[in-house]
Amino acid sequence: MNNFILKHIIRFVFLVIIQVLVLNNTLFMGYVNPYIYILFLLLLPFDTPRWLNLVLAFCLGISVDAFQNTMGLHTFSCVLMAYFRQPILHFLLPQLKNKKQSNLEFSLQEFGLQRALIYTGTLVFIHHFSLFILEAFQLELIRILIRTLLSSVISITLIIIIQYLLFKEAKR
């Protein structure tokens, strides 16, 4: 097993453990629950095939669902997020469509804060909105939007900070 695959396995396990043991027990203001485990999907290499993105998203979501007993809510949200990941990447970085760059990952240092915030914010919002709308299972749109926005802001902030502090070395 090469170091590249091992790095992603360790990242997967680390983020799920932090989410399950620390952040699932953290609730701010009764509405806000940060979800940083999705950082695993955000940091997958750009050239990861779409089917593999979806499979990894399914595995990630089902892992969190198993610990939270949420019966597929996180699985659906992760798969939906993974489905939209590639089109959002191609929109933000059109040069990726024509280039086949091996193992190029999204990093704050490489692509800048503005693109990182757009990329992270869009995918986090998709994840959180789908998660909270399924969780509520009713159309309380204002409450769901408030919860989505507050949780997204906290999650995006934590994801950017974690990426800045822990994943400083960007591969070129």
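I looked up the packing of helix α4 (residues 73–92) against helix α5 (residues 108–136) in this predicted model. Their axes lie 9 Å apart and form an angle of about 155°. I took axes as lines fitted to C-alpha atoms, for helices over the stretch in contact, with angles from 0 to 180 degrees between N-to-C directions. I therefore recorded α4 and α5 as roughly antiparallel (over 145 degrees). The crossing of α4 and α5 is right-handed, that is, the near helix is turned clockwise from the far one by less than a right angle.

I then listed the contact (heavy atoms within 4.5 Å). Among its residues are Leu73, Phe76 and Leu80 of α4 and Ile118, Tyr119 and Leu123 of α5. The contact of α4 with α5 comprises 15 nonpolar, five polar and three charged residues. I counted Ala, Val, Leu, Ile, Met, Phe, Trp, Tyr, Cys and Pro as nonpolar, Asp, Glu, Lys and Arg as charged, and the others, Gly among them, as polar.

Next I examined α5 with helix α6 (residues 141–166): the axes come within 8 Å and cross at roughly 145°. This crossing of α5 and α6 is right-handed. Its contact residues divide into 18 nonpolar, nine polar and three charged.

Finally, I checked Leu21 in helix α1 (residues 3–21). Leu21 is exposed, at 58% relative accessible area (exposed means over 50%, with a 1.4 Å probe and protein chains only). Its C-alpha atom is 9.3 Å from that of Phe67, 46 residues away along the chain.

I note that residues are numbered from 1 along each chain as its sequence is written. Local features need pLDDT of at least 70, side-chain atom pairs count only at pLDDT 80 or more, and totals for chains, interfaces and linings use all residues, while side-chain values use heavy atoms, without hydrogens and water.

Definitions and conventions. Helices (H or I, at least four residues) and strands (E, at least two) are DSSP runs, numbered from the N terminus. Buried means under 20% relative accessible area, exposed over 50%, partly exposed in between (1.4 Å probe, protein chains only). Angles under 35 degrees count as roughly parallel, over 145 as roughly antiparallel, 65 to 115 as roughly perpendicular and the rest as oblique.
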